[in-house]
Amino acid sequence: IPGVEVSAADVAKVPAGNVRVPRAEFAALWQAAERFHDEQVGRGVADWYGSGVVETCRWLANAIVKPEGGPWRLAPSPVTKRIQVASDELIEAECRAAERLAGCRPVPPQLQRRPGWVDAVVATLNWAWRRHGSSPLDTGRRAWG
């Protein structure tokens, strides 16, 4: 899915319960992730870690996205691919699904082809939802606005 321009209106629509870090910090992460990922893709660099952060932020924000060749729709959850509004129960279930996938041994082929992706999903969910660890990307900013 091509990059999403994150606006103040998009940030204002993020349900308060979907992120447990300050909204400004989440917004800074989401903006930085979209920008960085677009730059990497534009240079022809595979950026699976960045993709994982972007997908997770979009889902937590209940963003509307347009897949290539498809209609506009709600961003799917990163691991389970549910196309449902992110809510407490679904976010926690997605955290568990991401952790299970990250712990699979041997590493599943879909993860071998996407190095760093599941680590980014886990890191983003742990930071934004569980308030564990630090931001999955250095945004270079403390506030957004």
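The model is predicted: local features need pLDDT of at least 70, side-chain atom pairs count only at pLDDT 80 or more, and totals for chains, interfaces and linings use all residues. Residues are numbered from 1 along each chain as its sequence is written, and side-chain values use heavy atoms, with hydrogens and water left out.

Helices (H or I, at least four residues) and strands (E, at least two) are DSSP runs, numbered from the N terminus. Buried means under 20% relative accessible area, exposed over 50%, and partly exposed in between, with a 1.4 Å probe and protein chains only.

The peptide bond between R105 and P106 is cis, with omega about 0°. P106 sits in the loop that links α4 (88-102) to α5 (109-112).

Positive phi values occur at N62 and at R131, neither of which is a glycine.

| Residue | Phi | Relative accessibility |
|---|---|---|
| N62 | near 55° | 17% |
| R131 | about 60° | 55% |

N62 belongs to the loop between α3 (48-60) and β1 (64-65), and it counts as buried because its relative accessibility is 17%. R131 lies in the segment after α6 (117-128); at 55% relative accessibility, R131 is therefore exposed.

P76 is placed in the loop between β2 (73-74) and α4. Its relative accessibility is 17%, so P76 counts as buried. Leaving aside residues up to four places away in sequence, P76 touches E55, W59, K81, R82 and I83, where contact means heavy atoms within 4.5 Å. P76 and E55 are 21 residues apart in sequence, and their C-alpha atoms are 7.9 Å apart in space.
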